[in-house]
Amino acid sequence: MYKTLRNLAGLALLGLLAACGTQQAPNTLTQADAQALSEAAQGDLQLTGAMLGDASSTALSAQGLVDSLEANAQTWGLPRRIHLFLRAVGVLYLPPSGSGNCTISTSPSPLVDADDDGVPANATTTYDCRYTGPGGISYTLNGSIGLQDTNDSQPYSGYSVSFTNFKSRVSGDNRSVERTLNGSYSIDEQDATLFKITKNYTHSVSKTVFNNTYTGSLVFNVSKTYAPDNDGDSNPWNAGTITVDKNNPGSATWTRGNNTRNLIWYTDPTLHWNRAACQNPLGRMMNFDSGAKEFVYTNPAGEKSTLRIEFSDCGQFSVTHGGQPVQP
């Protein structure tokens, strides 16, 4: 649980780094900067994993043998794909429907999901919850998540997810992480061999450790491609490559107060997604087995610092900054 908090809290640390933004920019990214940036990148990879993850009834039933998130989410009538997004942002427990400390609504009801892909034709889930889960972990959920299927008669046509002031707060052991998501993330079929992933969203974070609180926000704006493996598998999202071209990189901006810092990022080589082979342990979102992401910061003097996250096996990766290992 706390490993999840640590990984997803990386965005909060970016807010702290932003204090060194355009007003007093350092010559290069420090090792501490690199560590925080690597954790933030993992948070974004979690969301990509939720987009491509297995939302079938069979997969969620298997996950339900490990923890109670799926079973309790079903009592609320939540779309199956929503389970993965909750898990990706650190929500590992929901109380059962009828709990006095939680109100969750889904509109329309009943859901329309003609192709049974876990994404309704169009639905919005709204949250107003404050509760305590296993291990004494406290959760607060507010705001809404929307889902829209591109073609509800074709399971792999694509879909979009939208966040409207969606706030999740997870706290315990003298620490808390509060996240607010606004914006959209989509995957759309271009043809039988290519999908386009587009993300335009803001992730604002407030992290408190004991009496110290840090806030910041990270903005992503990028289009990338996902190409299913040509392996004869009828499910195109079981395995494939994700590409952000170095010549047309994505952008990421983080802000704290009046300080802003801009990054570009790309894949080099392309990331290989492989949920078919990497789905264990159950609940893991980052089911990549090869490839790398590079994040580049250029300071006002034109000097560049590069952070590289490289996968070597299922969910296993190393992080380097300027070729040197970044400590976890």
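Residues are numbered from 1 along each chain as its sequence is written, and side-chain values use heavy atoms, with hydrogens and water left out. Since the model is predicted, local features need pLDDT of at least 70 and side-chain atom pairs count only at pLDDT 80 or more, while totals for chains, interfaces and linings use all residues.

Let's start with the disulfides. A disulfide is a covalent bond between the sulfur atoms of two cysteines. Here the term is used for a pair of cysteine sulfur atoms within 2.5 Å, and the structure holds two of them. Cys-102 and Cys-129 make up one, with sulfur atoms 2.0 Å apart. The link of Cys-102 and Cys-129 is right-handed, with 60° about the S-S bond. Cys-102 sits in strand E1 and Cys-129 in strand E2, so this pair ties together parts that are 27 residues apart in sequence. (Strands, E, of at least two residues and helices, H or I, of at least four are DSSP runs, numbered from the N terminus.) Cys-102 is buried at 5% relative accessible area, and Cys-129 is buried at 2%; buried means under 20% relative accessible area, with a 1.4 Å probe and protein chains only.

The other disulfide joins Cys-278 and Cys-314, whose sulfur atoms are 2.0 Å apart. Its S-S torsion is about -65°, so the disulfide of Cys-278 and Cys-314 is left-handed. Cys-278 belongs to helix H7 (residues 275-278), whereas Cys-314 is in the loop between strand E13 (304-313) and strand E14 (316-321), 36 residues apart. Cys-278 is buried too, at 0% relative accessibility.

Now for the core. A nonpolar core is a set of buried Ala, Val, Leu, Ile, Met, Phe, Trp, Tyr and Cys residues joined through side-chain atoms within 4.5 Å. The largest one has 68 residues, and Leu-78, Phe-85, Leu-94, Tyr-131 and Phe-166 have the most contacts inside it. Helix H3 (residues 31-52) gives the largest share of this core, six residues.

Finally, what about Asp-117? It lies in the loop between strand E1 (102-107) and strand E2 (122-132). Asp-117 is buried yet has no salt bridge, meaning a side-chain nitrogen of Lys or Arg within 4 Å of a carboxyl oxygen of Asp or Glu. The nearest side chain of opposite charge, Arg-80, is 6.0 Å away; Lys and Arg count as positive, Asp and Glu as negative, and His and the chain ends are not counted. A polar atom of the Asp-117 side chain does lie 2.9 Å from the backbone nitrogen of Val-119.

Conventions:
Buried means under 20% relative accessible area, exposed over 50%, partly exposed in between (1.4 Å probe, protein chains only). A polar contact is a pair of N or O atoms within 3.5 Å; within protein, one must be able to donate a hydrogen and the other to accept it, and residues adjacent in sequence count only if both atoms are side-chain atoms.
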